[in-house]
Amino acid sequence: MSLLFNDFASWEKHCQATGEPLYQAVLAYEVEQKGRSEEDIWAGLQRAYEVMCDAVKTGLTQDMTSRSGMVNNGAKKVAGAPVTVLSPEFQQLISRALGAKEVNSCMGRVVAAPTAGASGILPGILTTIQELHGLDDRKIHEGLLVAAGIALIIETNASLAGAVGGCQAETGSAAAMGAGAIVYCLGGTVEQTFAAVAITIQCMLGLICDPVAGLVEVPCIVRNASAAAIAFSSAQIAIAGVNPVIPVDQCVMALGEVGQSMETRYKETALGGLANTPRGREIEKLVLVQDVEILPDEDSE
Ligand code: SF4
């Protein structure tokens with residue numbers, strides 16, 4: 001069986017021994033797992049990236065309001081804001097990550113990468129580096145494979161789900177996938193790519209999952225933007241050769257340990273954190289009333 005590694009150390013060793021690029025082992029794994037040809041896998045990656053690009057476009061051009069009222073065209077407001085706090089590129093990155101995630105919250109089509117709750121992060125990151133650096137689609141597809149390999153290792157040793165490991169596992173993992181993809185796509189070494197993953201996990205560690213009213217809207221949407229920003233800062237640090245000190249596999253261990261010790265109320269139960277604030281509880285009641293109002297009349301069934 002073609003191996004997909006249990007840890008980053010084995011993946012790095014494999015690349016050193018074979019001289020293969022990082023994505024190659026993930027491609028072989030996909031071929032074997034799905035029983036498809038390499039061409040099919042590349043075609044699937046192309047479709048996935050097209051859905052990501054469409055989600056960004058939709059979020060920035062269509063009406064994005066949710067039934068709860070908590071989503072109200074935030075991405076378009078950011079894209080058109082007259083004050084640019086850092087740079088136009090940063091403004092674009094944030095608006096794109098928000099836009100793709102708003103599409104998910106408004107029941108549109110997205111790629112769960114690795115989950116629907118984190119579905120704005122990779123689209124925001126990949127469309128931005130492609131535009132900034134003039135990368136071709138093939139390079140982005142390779143970056144997607146690298147990101148998938150990162151996710152599989154985190155899933156094996158910790159978790160990718162907010163309900164299991166808190167938001168650190170969900171948006172944190174997506175940010176780590178994105179940071180690794182950035183460094184890979186910009187020609188970083190394997191060591192630098194994995195350093196970006198380690199630094200990102202260090203930055204996201206401990207983040208709880210506390211969706212208001214149990215809806216994947218607040219704080220999920222803004223966390224997609226912040227995770228995208230952290231992926232870029234981590235990639236910038238890692239590609240400069242800064243040592244993350246704690247090896248990436250040990251960062252993943254910490255992610256798993258923190259996730260296990262997190263109280264249930266911080267794991268997508270909407271019992272703690274922002275979900276348990278007075279305003280969060282008010283919104284929860286309003287959403288419940290809305291749901292009751294749209295329940296079908298028993299006599300009319
Ligand atoms: S807060 Fe929970 S539901 Fe929202 S993005 Fe994070 S993990 Fe997902």
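These notebook entries record what I looked up in the structure above.

**Ground rules.** I note that this is a predicted model, in which local features need pLDDT of at least 70, side-chain atom pairs count only at pLDDT 80 or more, and totals for chains, interfaces and linings use all residues. Residues are numbered from 1 along each chain as its sequence is written.

**Overall fold.** I looked up the secondary structure and found 13 helices and zero strands in the chain. Helices here are DSSP runs of H or I with at least four residues, strands are runs of E with at least two, and both are numbered from the N terminus. I then looked up the extent of the C-alpha trace, which spans about 65 × 45 × 40 Å along its principal axes. For 301 residues a compact globule would have a radius of gyration near 19 Å, and the chain has 19 Å, which agrees. That radius is taken over C-alpha atoms, and the globule rule is 2.2 Å times the number of residues to the power 0.38.

**Burial and contacts.** I recorded that buried residues make up 49% of the 301 residues in the chain. A residue is buried if 20 or more other C-beta atoms lie within 10 Å of its own, exposed if 12 or fewer, and partly exposed in between, with C-beta atoms placed from the backbone. Of the contacts between residues at least 6 apart in sequence, 78% join residues at least 24 apart; two residues are in contact if their C-beta atoms, placed from the backbone, lie within 7 Å.

**Helix α7.** I checked the length of α7, residues 137-157: its 21 residues should span 30 Å at 1.5 Å a residue, and its end C-alpha atoms are 31 Å apart, which agrees. The expected span is 1.5 Å times one less than the number of residues. Of these 21 residues, 15 are buried, so α7 is largely enclosed by the rest of the structure.

**Nonpolar core.** The largest nonpolar core has 96 residues, of which Ala181, Ile182, Ala228 and Ala231 touch the most other members. Such a core is a set of buried Ala, Val, Leu, Ile, Met, Phe, Trp, Tyr and Cys residues joined through C-beta atoms within 7 Å.

**Ligand shell.** Of the 14 residues around the ligand, I noted Gly117, Gly162, Cys167, Cys209 and Cys220 as the ones that come nearest; a residue is near a molecule if its C-beta atom, placed from the backbone, lies within 6 Å of it. Helices α9 (167-185) and α11 (220-239) each supply at least two residues of the shell, and the largest share, three residues, comes from α9.

**Backbone exceptions.** Most residues other than glycine have a negative phi, and most peptide bonds are trans. I found a cis peptide bond between Ala113 and Pro114, with omega about 5°. Pro114 is in the loop between α5 (88-105) and α6 (121-133). The bond from Val218 to Pro219 is also cis, with omega near 10°, and Pro219 is in the loop between α10 (190-204) and α11.

I also looked up Ala213, which has a positive phi of about 60° although it is not a glycine. Ala213 lies in the loop between α10 and α11 and counts as partly exposed, with 19 C-beta neighbours inside 10 Å. Ala270 has a positive phi of about 60°, but this residue is buried, with 20 other C-beta atoms within 10 Å.
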